There are 4 protein chains.
Amino acid sequence: MGLTVDLNSDMGESFGAWTMGNDEAMLDIVTSANVACGFHAGDPNVMFATARIAKDKGVAIGAHPSWPDLIGFGRRVIHGDSPAEIERMVAYQIGALMGIAAMAGHTVTHVKAHGALGNVCMVDQDVADAVARGVRAVSRDLISVAMPGLCNERAAHKAGLPYVREVFADRAYEDNGALVSRKKPGAVIHDADFAAERVLRMLQDRAVTTASGKVIAVEIDTICVHGDTPTAVAMARAIRDRLTAAGVTLRPFHETLKV
Amino acid sequence: MGLTVDLNSDMGESFGAWTMGNDEAMLDIVTSANVACGFHAGDPNVMFATARIAKDKGVAIGAHPSWPDLIGFGRRVIHGDSPAEIERMVAYQIGALMGIAAMAGHTVTHVKAHGALGNVCMVDQDVADAVARGVRAVSRDLISVAMPGLCNERAAHKAGLPYVREVFADRAYEDNGALVSRKKPGAVIHDADFAAERVLRMLQDRAVTTASGKVIAVEIDTICVHGDTPTAVAMARAIRDRLTAAGVTLRPFHETLKV
Amino acid sequence: MGLTVDLNSDMGESFGAWTMGNDEAMLDIVTSANVACGFHAGDPNVMFATARIAKDKGVAIGAHPSWPDLIGFGRRVIHGDSPAEIERMVAYQIGALMGIAAMAGHTVTHVKAHGALGNVCMVDQDVADAVARGVRAVSRDLISVAMPGLCNERAAHKAGLPYVREVFADRAYEDNGALVSRKKPGAVIHDADFAAERVLRMLQDRAVTTASGKVIAVEIDTICVHGDTPTAVAMARAIRDRLTAAGVTLRPFHETLKV
Amino acid sequence: MGLTVDLNSDMGESFGAWTMGNDEAMLDIVTSANVACGFHAGDPNVMFATARIAKDKGVAIGAHPSWPDLIGFGRRVIHGDSPAEIERMVAYQIGALMGIAAMAGHTVTHVKAHGALGNVCMVDQDVADAVARGVRAVSRDLISVAMPGLCNERAAHKAGLPYVREVFADRAYEDNGALVSRKKPGAVIHDADFAAERVLRMLQDRAVTTASGKVIAVEIDTICVHGDTPTAVAMARAIRDRLTAAGVTLRPFHETLKV
């Protein structure tokens, strides 16, 4: 029986009069879209357009909650919130997308923390747990997107939430399963064909080879790709084409989890 | 059989470090709370606290959507949105409160537009219709709070939404059922006992006497009271006490509509 | 002696991670830049970059104040501010740009209201007067950009402020000197060569020909061009080239006014 | 010759419809006001009212810049800005207050970083230096308020800026001159008379006694008092009265530095 995987990407990151990324193109490539909820990007109109097009193209949508930081695009860590405050901030954003999704005839099926909040959730168990509790408070059916072996995976597990395990198509890995910091050389993969080949191998081997050459066994449910530049869109397309050519089935993870 | 009515008030209008009103006191008086959703006031923490206490005290909650206008507290009219943009802005805010309400173990059962948006919905059918469509897109069970004879009542009717009819305890009425502008003398009633007596009479007579002396027949499902000043809280308390003393049953309108 | 005129354009309208327009290209074309001050676009980093490059290229800068409306890009009219509130909102934004300009080694020499605020200032004397008082409160040397015959010109005159008279390169005119509404056919000129030729004629004739064919005499100190699309940049370039070819001197208006 | 000192307090921390503190009362007590600039609190109207009343009462004003964080009142640390971004954020806020101050007929004479930004400036030299450069870029005459021996004092010194040395009336000190964390017992002094007596002794001794009993010699130019609660106002009043009774002259520090 063939392999099945999901491709996910951040989307709906325009705001008001400003456009970011090429969502139309990406929604032809991915199977799950992480939709900005207004705190780092996205406004009700952008959210609606993203949900509507995703619905039309059969792409699943999830909330992409962030710290409130329009000016910093959610890429700055904000210190000082209590865990309860993080829970509520997450629940607010998920609910907001659910309201918009209902209007677009679509359904929110997953949650993935954005930017700085997402990065902190990989390494800070308290924050990861708070996010997971925020998700669970809204619905126990929402699927968390987690990094194998990191805090957000443990958080979803502890919270009793369904979750999927994600790898990044264009990022190098540390031996502990974390992403190599962008500040280090080789952290980001720029060659589309290389990235596509690597992703296929990870899927087939059910393993990630780290920057040091170590092989870590991982189950892979979804592959994160980017769409914020023309080059990123081309890489996402190359990955999709390579997987399809190799007989891999691309499908929203929420459909597979339900089976 | 005795009379039954609901008392509603705007609540959750604090923001971050700033406090407004006395929600604790008001939640002992009213039966329905209109909860700010972050656009004119309210933040996820304030919304949660309001929903949680309302749940504990048996007070129903509704979304209180506004134009995005923290600095103006939603009291300024913003021109230039298309009807579709208004729909989405409303759906976003209702959804956000639903996410928070779920966390608090409570349920959003109504919607009432705030401030400038609410005022425009009384007199501008296009905006009123857009708000009603925004409500309906999220859920056809959400109850609209409308002014008898004004645009928001027609909008709810046209949208096929359940709705309740509201009178204001402290405001004088024009002959067409609109509120007398605050700029005119006598627009606002300041005497608590007078207001309480007047509200009771409106309920018993199923009619409002306008500033000119005209009597308009109206069905009254809910009475709007305020809690933003100590005087306002005292008036709300006086109204509750007067109604109770007269044998009127105070009950969230969503329970009555369900019957 | 040859003709002299200024070319002005709105600039610094990026925000955080979002880019708008091609400021680098436009700063090679115009002689005065209207810099967004954070209320509809622009953030301290964008403002600094704009001021710095403008300084390097000898382009004058002015504040481009707006109603606070990031989500609507300042294109929505906000009703409900008192004149005094408008004055303060304007003074805040001018001061903010002055702080940033000082850091960039540049000087703020003019003010032009943005978007909806700018449009209202053409037709509402009270708002135009409030904006002029806000400008004057910060400095009596700041030059207002005004439309000949409209409210903002009268406001600058009444306030005793220096001002320049502006025409729009790509907009048709009503007989009263107002712009033809964008909703009407023919309101916007799309042909770059036609626009360039028309601008030259307006300068040489010291007159504008309206949509109805009427000729209005106007003194023209500055021509407004746009840079928000590649086509707009091309038109701005065509206008500059046509004027230069015809021997017109392009120079920041604040230099000419000082003479 | 008698002792002279300044009393400073954070002010103008209302926002839109929300009120904080009792600025009217505090402006009768202090000699310098740190005015919020819109990023954590304050809006153009609040800033104007604060500057105007301060002018009337002879109270000096300074900018109180913060990270952009209305919802967190600037009490949360935001990680991820480059030093240059911090410089610009500071310059923007100072400039904005200068614009408003000009309108109120007053002059901005000092700068004191607010909340989380202020706390970080005590212990992180890079951030403290960035803030100092932001101040200097706007004007080399602006006086920095610094903690003796901490990073913000070094930053002002390195930047060649005039600065004053501050002690906190109601906070216990560590042996290194830092404030005892609010999380520790005894960090905050609640007894007004005790605080007043302690402040007088610090002034007379030109020394602070730390929580451990160590005596640190410090020059004291200004004493920070609070006004956010009725108790805080009472303590500030007690301090002023005690100092006055002991013959200490209260005077804005910028007047003393000029001498």
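## Basis of the description

Residues are numbered from 1 along each chain as its sequence is written, while chains are lettered from A and ligands numbered from 1 in the order in which they are written. Because the model is predicted, local features need pLDDT of at least 70 and side-chain atom pairs count only at pLDDT 80 or more, whereas totals for chains, interfaces and linings use all residues; side-chain values use heavy atoms, with hydrogens and water left out.

## Chain A as a whole

Chain A contains nine helices and 11 strands. Helices (H or I, at least four residues) and strands (E, at least two) are DSSP runs, numbered from the N terminus. The radius of gyration of chain A is 17 Å, close to the 18 Å from the globule rule for 259 residues, so chain A is as compact as a globular protein of that length. That radius is taken over C-alpha atoms, and the rule is 2.2 Å times the number of residues to the power 0.38. The C-alpha trace of chain A spans about 40 × 40 × 35 Å along its principal axes.

Buried residues make up 59% of the 259 in chain A. Here buried means under 20% relative accessible area, exposed over 50%, and partly exposed in between (1.4 Å probe, protein chains only). Of the contacts in chain A with a separation of 6 or more, 71% are between residues 24 or more positions apart; contact means heavy atoms within 4.5 Å. The accessible surface of chain A comes to about 9800 Å², and 51% of that belongs to carbon and sulfur atoms. Accessible areas come from the Shrake-Rupley method with a 1.4 Å probe, and for residues only the protein chains shown count as cover.

Chain A carries 26 positive and 30 negative side chains, and the centres of the two sets lie 3 Å apart. Lys and Arg count as positive and Asp and Glu as negative, with His and the chain ends not counted. Each charge is placed at NZ of Lys, CZ of Arg, CG of Asp or CD of Glu.

## His40 in chain A

His40(A) sits in the loop between strand E2 (32–36) and helix H2 (44–57) of chain A. Its relative accessibility is 0%, so His40(A) counts as buried. The side chain of His40(A) makes a polar contact of 3.3 Å with the side chain of Glu13(A), and one of 3.3 Å with the side chain of His114(A). A polar contact is a pair of N or O atoms within 3.5 Å; within protein, one must be able to donate a hydrogen and the other to accept it, and residues adjacent in sequence count only if both atoms are side-chain atoms.

Leaving aside neighbours within four places in sequence, the residues in contact with His40(A) include His64(A), Trp67(A), Phe73(A) and, from chain C, Trp18(C).

## Helix H6 in chain A

Helix H6 of chain A covers residues 151–159, and its buried residues are Cys151(A), Asn152(A), Glu153(A), Ala155(A), Ala156(A) and Ala159(A). These buried residues pack against helix H4 (115–123), helix H5 (125–138), strand E6 (143–146) and strand E7 (163–168) of chain A. Just after H6(A), Gly160(A) takes a positive phi of about 70 degrees.

## Trp67 in chain C

Trp67(C) lies in the loop between strand E3 (60–64) and strand E4 (77–79) of chain C. At 3% relative accessibility, Trp67(C) counts as buried. Its side chain forms a polar contact of 3.0 Å with the side chain of Asp81(C).

The C-alpha atoms of Trp67(C) and Gly118(C), 51 residues apart along the chain, are separated by 9.8 Å.

## Residues with positive phi

Most residues other than glycine have a negative phi. Phe73(C) is not a glycine, yet its phi is positive, near 55 degrees. Phe73(C) is placed in the loop between E3 and E4 of chain C, and at 2% relative accessibility it counts as buried.

Arg206(A), also not a glycine, has a positive phi of about 50 degrees. Its place is in the loop between helix H7 (192–205) and strand E8 (207–209) of chain A. With 46% relative accessibility, Arg206(A) counts as partly exposed.

## Lys112 in chain D

Lys112(D) is located in the loop between strand E5 (108–111) and helix H4 (115–123) of chain D. At 7% relative accessibility, Lys112(D) counts as buried. A polar contact of 3.2 Å joins its side chain to that of Asn8(D). Not counting residues up to four places away in sequence, Lys112(D) touches residues including Asp10(D), His64(D), Glu166(D) and Cys224(D).
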